[in-house]
Amino acid sequence: MNELILAYGLGVVSVSVLILMRVVLRSDKKVTELEQVIENSMRDHQTSLQDVYRQIETVERKVAYQNQELDRKIDSRIDKLDFRITDQLNYIKSKSAQDY
């Protein structure tokens, strides 16, 4: 009788161990799949971030170039205005000197 109970107990334990092994192996497979998904997702995000940084750098270069162009135009306008004011002042001085 004891042998029958022992055999039954060992059978239950062995079935339980087999079920647990199957659950562990399936879990390991799922974990491996999820790790791959996470790695792919991280790679995609890194690529996206690199693209965003490249776009930001491109925009920064364009803005810097536009600022330089604007500075050149402003300097040119200021030089023209200075020339006209100086020319007008010289004209007024020469006109005033002629009137005396």
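Let's start at the surface. L81, I85, L89, Y91 and I92 make a nonpolar patch there, with about 500 Å² of accessible area together. What counts as a patch? Its residues have over 30% relative accessible area and no salt bridge; nonpolar side chains (Val, Leu, Ile, Met, Phe, Trp, Tyr) are joined within 5 Å, like charges within 9 Å. Accessible areas come from the Shrake-Rupley method with a 1.4 Å probe, and for residues only the protein chains shown count as cover.

A word on the source. This is a predicted model: local features need pLDDT of at least 70, side-chain atom pairs count only at pLDDT 80 or more, and totals for chains, interfaces and linings use all residues. Residues are numbered from 1 along each chain as its sequence is written, and side-chain values use heavy atoms, with hydrogens and water left out.

I85 sits in helix 1. I85 is partly exposed, because its relative accessible area is 44%. The cut-offs: buried is under 20% relative accessible area, exposed is over 50%, and partly exposed is in between (1.4 Å probe, protein chains only).

Now the overall form. The chain has 1 helix and 0 strands. Both are DSSP runs, numbered from the N terminus: helices are H or I with at least four residues, strands are E with at least two. The C-alpha atoms fill a box of roughly 145 × 15 × 5 Å along the principal axes. How much of the chain counts as buried? Of its 100 residues, 0%.

Next, charge. D71, D75, D79 and D82 form a negative surface patch. Asp and Glu count as negative, Lys and Arg as positive; His and the chain ends are not counted. A charge is placed at NZ of Lys, CZ of Arg, CG of Asp or CD of Glu. D82 lies in helix 1, residues 2–99. With 48% relative accessibility, D82 is partly exposed.

Last, salt bridges. There are 2. Each needs a side-chain nitrogen of Lys or Arg within 4 Å of a carboxyl oxygen of Asp or Glu. D51 and R54 form one, at 2.7 Å, N to O. They are 3 residues apart in helix 1, so about one helical turn separates them. R72 and E69 form another, at 2.3 Å, N to O.
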